[in-house]
Amino acid sequence: ALVLAAAVPLLFLHATYQPAVSVGVASTSIDATLADAAIACVLVAAALRGRREGWQPLRQARLVLGFAAATLLVGALSLATPSLLGEEYALARHVISVAKFGWYLTLLPATILLVRSVSDAVPLLRAVVAWSVAATGWGLLQFLGVVSEFEGKRPGQREPSFVGIHDFA
C-alpha cells in the first residue's frame with residue numbers, strides 16, 4: 001500500500017509538468033511519463049501482494065471491475081464510430097488514447113489488491129490529502145500572483161496549480 005501512496009504525486013501531476021519519452025507509432029506517438037512508471041510500480045506491488053496473500057479481493061470486487069471493463073469496452077467500440085459514419089479519423093491516435101485509459105484503469109484492480117484494510121488505506125489517504133493541500137496551496141499562491149506558472153504571473157485568474165487547469169477545477 002505504501003507504493004500506491006508514493007505514486008499519488010506522480011499520478012496527480014499533470015503530464016505537461018512531467019518529463020516524457022515519446023515513441024513514434026504510425027501517424028502519432030506514444031508518450032511515457034513518470035506517472036506511467038508509477039503505475040508500473042503499483043502493478044508490480046499489487047502482483048506481489050496478490051501472489052503472497054491471495055487474489056480473493058478481486059473476486060469480491062467483480063461488479064466494480066466489470067464496470068471498469070465496460071468503460072474500456074465502450075472506449076474501444078467508440079473507435080469504430082467515425083468509420084461507420086464515413087468520417088475522417090486519426091485512428092492510431094485514438095487507439096493510443098483508449099490504451100492509455102486502459103493503462104490507468106489497471107490502477108483499480110491494483111488498488112483493490114493493495115488496500116485490503118483500514119490500516120492499508122491510511123497511507124494512501126494521507127498522500128491524497130497532502131497532495132491536495134499542496135495543489136490547493138500552490139494554486140492559491142498562483143492566484144494571488146506570488147508565484148508564476150508556465151505562462152507567467154496572472155493574478156486573479158483561474159490557475160492550474162500543478163495538476164492542470166481543468167483537473168484542479
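Me: Why is L72 counted as partly exposed?

Reply: L72 has a relative accessibility of 34%, and since buried means under 20% relative accessible area, exposed over 50% and partly exposed in between (1.4 Å probe, protein chains only), that value makes L72 partly exposed. The model is predicted, so local features need pLDDT of at least 70 and side-chain atom pairs count only at pLDDT 80 or more, whereas totals for chains, interfaces and linings use all residues. Residues are numbered from 1 along each chain as its sequence is written, and side-chain values use heavy atoms, with hydrogens and water left out.

Me: How do you know how many helices and strands the protein chain has?

Reply: Helices (H or I, at least four residues) and strands (E, at least two) are DSSP runs, numbered from the N terminus, and the protein chain has 9 helices and 2 strands. Read from the N terminus, their order is α-β-β-α-α-α-α-α-α-α-α. The C-alpha atoms fill a box of roughly 55 × 50 × 25 Å along the principal axes, and buried residues account for 28% of the 169 residues.

Me: What makes the contact between K100 and D36 a salt bridge?

Reply: The side chains of K100 and D36 come to 2.6 Å, N to O, and because a salt bridge is a side-chain nitrogen of Lys or Arg within 4 Å of a carboxyl oxygen of Asp or Glu, the pair qualifies. A search of the whole structure finds 4 salt bridges.

Me: How do you know that R49 and D120 form a salt bridge, and which parts of the chain does the pair link?

Reply: The closest N and O atoms of R49 and D120 are 3.0 Å apart, and the pair forms a salt bridge. This pair links distant parts of the chain, with R49 in helix α2 and D120 in helix α8, 71 residues apart. R49 has a relative accessible area of 13% and is therefore buried, and D120, with a relative accessible area of 13%, is buried as well.

Me: Why is R52 called exposed, and what is its partner in a salt bridge?

Reply: R52 reaches 61% relative accessibility and therefore counts as exposed, whereas E53, at 42%, counts as partly exposed. R52 forms a salt bridge with E53, the closest N and O atoms being 3.2 Å apart. Through shared partners, salt bridges join R49, R52, E53 and D120 into one network.

Me: What makes up the lining of the largest pocket?

Reply: On a 1 Å grid over the protein atoms alone, a pocket is an open set of points with protein on both sides within 12 Å along at least five of seven lines, as against a cavity, where a 1.4 Å probe fits but cannot get out, and lining residues have an atom within 4 Å of a point. By this rule 20 residues line the largest pocket, and H14, A15, T33, K100 and Y104 lie nearest its centre. The elements giving two or more residues to this lining are α1 (2–11), β2 (28–33) and α6 (91–105), and α6 gives the most, with 6 residues. The pocket holds about 590 Å³ of space.

Me: Where is H14, and is H14 buried or exposed, or in between?

Reply: H14 sits in the loop between α1 and β1 (20–25), and because its relative accessible area is 27%, H14 is partly exposed. The C-alpha atoms of H14 and G164 are separated by 5.3 Å, although the two residues are 150 apart along the chain. By contrast, A92 of helix α6 has its C-alpha 40 Å from that of G156, 64 residues away along the chain.

Methods: Points joined across faces, edges and corners; volume = space filled by probe spheres on them.
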